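Student: Please take me through the features of a protein model one by one, with the general idea before the case at hand.

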Amino acid sequence: MTRPDKLKLGTFVYTFGFHPAAWLHPDSDVRGANDLGHLTRCAKISETAKLDFMFFADSPACAVGEAGALSRNPTKMNRFEPITAITALSQHTDRIGFVATASTSYYEPYNIARLFASADHISRGRIAWNVVTSDHDETGYNYNREGLPPHAERYERGEEFLDTVFGLWDSFEDDALLLDRESGVYHDKDKLHALNHKGKHFQVRGPLNIARTPQGRPVIAQAGGSEQGMELAARTAEMVFSLASNIEKNRAFYANVKGRMARYGRDVNDLKILPGIVINVGETQAEAEAKAEALVKLMHPDVGLLMLQEFLETDLHGADLDKPFPMDRMPASAKGSKAMFEELKEFVTQGHTMRELITHYARRHTGNGLTGTPAQVADFMQEWFETKAADGFILMCPTLPSSLEDFTRLVVPELRRRGLFREEYEGATLRDNLGLSTPANRYAAARGRV
C-alpha cells in the first residue's frame, strides 16, 4: 500500500443489472423492477461487504427508439423514482449510503433541498445527491418544454440551483433547535435564517422548513468531463463519477479536477474520483469469460443495435447484421467517449460484421470492461488507486444480484488481503465512511469570524 486511505466502492443500480440482457438471466428476479425486496437484497449484500453506497442513475423519462427494441430492454422503461427508493431502502439497512440522481433542469431548488434533507434525516445521515442537468431531449417533453435547453444554459441554471440549495440547507444552524419545554422555546430565533435569494433563474426566500441534517448537508455527487463540469466539480462536488477508458486518461482527469480545488479553498481529500467499471469475475479466467459470453448470447440483436446507434448517433436501421459495418454511416468524430469511438472504428476497419460489432460494444460500452479472476480485478483496482487514477470505483454489475454476489465473495476478500479495503465501516454517516469533512454552516462561520 502506498496510500494511507482505502478504496471507496459503490454499487451501480439499474434494476436487473448494467447489461441490457440482465433481466433474461436465470438468476434475475423478472418482477424486481416493482418490488422493493429485490433492491433490499442488493442493498444488504452491499452492506454486508461494507461497500460505501448504492448509486441510482435516473432519467425522468422513458428511453426512445425503435419500439420493438425498446420492448426488449426494460432498463430505463420501468423503475422506481430514486429519492423514494433510497429513502425506503435506508429503513432496511444501517450503514450503507445511498446516492439518488435528480436533475436541476426539472425541479425547483426548494423541492430538492427539502426532499434530500428529509431523506438524510430519515436515513440518519447516509444520503447523497447526484447532480445532473439532463442530457436527453425526451425528458423535456414531459416538463412543458420542447426538447432540452443548450448545454451552457443548463449549466448556468444548474450552478445557481446548486448554490441556492446549499443556502437552504444552511437555514438552521447546527444548534438552532433548543427544544426547551420549560421556557416553551423550540428553536433559537437568531439561528434560523431566510435565504432571500434573487438570481437570474430563481427567486427563493426560505428558510427551509427542516433542521440541518446529520451530515450538515447531503453529500454531493456529479459526473461530467466538460470544462464547465470539471470546474463545478472542483467547487462543489464530493464524489465525481467518470467513465474514462484507460488509466492515463483517468489519471489526467484526476489531477485536473483536484488541481482546481485549491482556488476554492478546498482540501483534495474532500473529493473522491470514482470511475465506473463493468466487472465479470470468476474463479478462473474461463469461468469469467463464460459469464460475459452468456449475457451476450441472451441479448437480442435489436437491443444491441439500438445501444450502438445511441452511442454513434447515426442511423443503422436496415443494415445487414452479417455484413461488414457500412462505413458511410460511421460519423466523422465521437459524440461520446473518444477512446471508445476510436476502438469501435478500429474494430470495424478489420472487416468485422455488424453483428460482431454489436457483441463487441455490448461487452465494452463503458470503456472499462474487466473480465477475469479476483487477482486480476484486484490488480486493476490497485494500480488505478495507487497511481492516483481513482479513489475507488462504481461497480457496474452486469447482473443483480448475481454479479454483485460474485464480486463481494471473490474480490472483496482479495482487496482486504492487500490492505486496500476496510474490514468495518468507519462511522455512522456516508461522510464518515467516505472520509469527507462536514461543511460549515455559513451563518455560524460568519459569526465566528466577527
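Tutor: Let us begin with Pro207, which is found in the loop between β8 (203-204) and β9 (219-223). Such labels come from DSSP runs, where helices are H or I over at least four residues and strands are E over at least two, numbered from the N terminus. This is a predicted model, in which local features need pLDDT of at least 70 and side-chain atom pairs count only at pLDDT 80 or more, while totals for chains, interfaces and linings use all residues. Residues are numbered from 1 along each chain as its sequence is written, and side-chain values use heavy atoms, with hydrogens and water left out.

Student: Is the peptide bond from Gly206 to Pro207 cis or trans?

Tutor: In general, most peptide bonds are trans, and most residues other than glycine have a negative phi. The bond from Gly206 to Pro207, however, is cis, with omega near 0°. A second case is the bond from Leu400 to Pro401, which is also cis, with omega near 5°, and Pro401 lies in the loop between β13 (392-395) and α14.

Student: How many residues does helix α4 have, and what span is expected for them?

Tutor: The expected span of a helix is 1.5 Å times one less than its number of residues. Helix α4 (residues 109-122) has 14 residues and reaches 20 Å from its first C-alpha to its last, close to the 20 Å expected. Helix α1 (residues 36-48), with 13 residues, reaches 18 Å, again close to the expected 18 Å.

Student: Which residues of α4 are buried?

Tutor: An α-helix has 3.6 residues a turn, so residues three or four places apart point the same way. In α4 the buried residues are Pro109, Ile112, Ala113, Phe116, Ala117, Ala119 and Asp120.

Student: What covers the buried residues of α1?

Tutor: The buried residues of α1, among them His38, Leu39 and Cys42, have a cover that includes β1 (8-13), β2 (53-56), α3, β3 and α14.

Student: Where is Leu415 found?

Tutor: Leu415 is found in helix α14 (residues 402-417) and counts as buried because its relative accessibility is 0%. Leaving aside residues up to four places away in sequence, Leu415 touches Leu7, Leu9, Ala378, Met381, Phe407, Leu420 and Phe421. Leu415 and Lys6 are 409 residues apart in sequence, and their C-alpha atoms are 9.8 Å apart in space.

Student: How many cavities of 30 Å³ or more does a search of the whole structure find?

Tutor: On a 1 Å grid over the protein atoms alone, a cavity is a set of points where a 1.4 Å probe fits but cannot get out, whereas a pocket is an open set with protein on both sides within 12 Å along at least five of seven lines; lining residues have an atom within 4 Å of a point. Grid points are joined across faces, edges and corners, and a volume is the space filled by probe spheres set on the points. The search finds two cavities of 30 Å³ or more. The largest cavity holds about 120 Å³, and of its 13 lining residues Val13, Thr15, Phe56, Arg79 and Phe80 lie nearest its centre. The second largest cavity has a volume of about 40 Å³, with a lining that includes Tyr14, Thr15 and Trp23.

Student: What volume does the second largest pocket have?

Tutor: Its volume is about 460 Å³. The second largest pocket is lined by 18 residues, of which Phe166, Arg217, Arg235, Arg266 and Pro439 lie nearest its centre.

Conventions. Buried < 20%, exposed > 50% of the residue type's maximum accessible area, 1.4 Å probe, protein only. Contact = heavy atoms within 4.5 Å.
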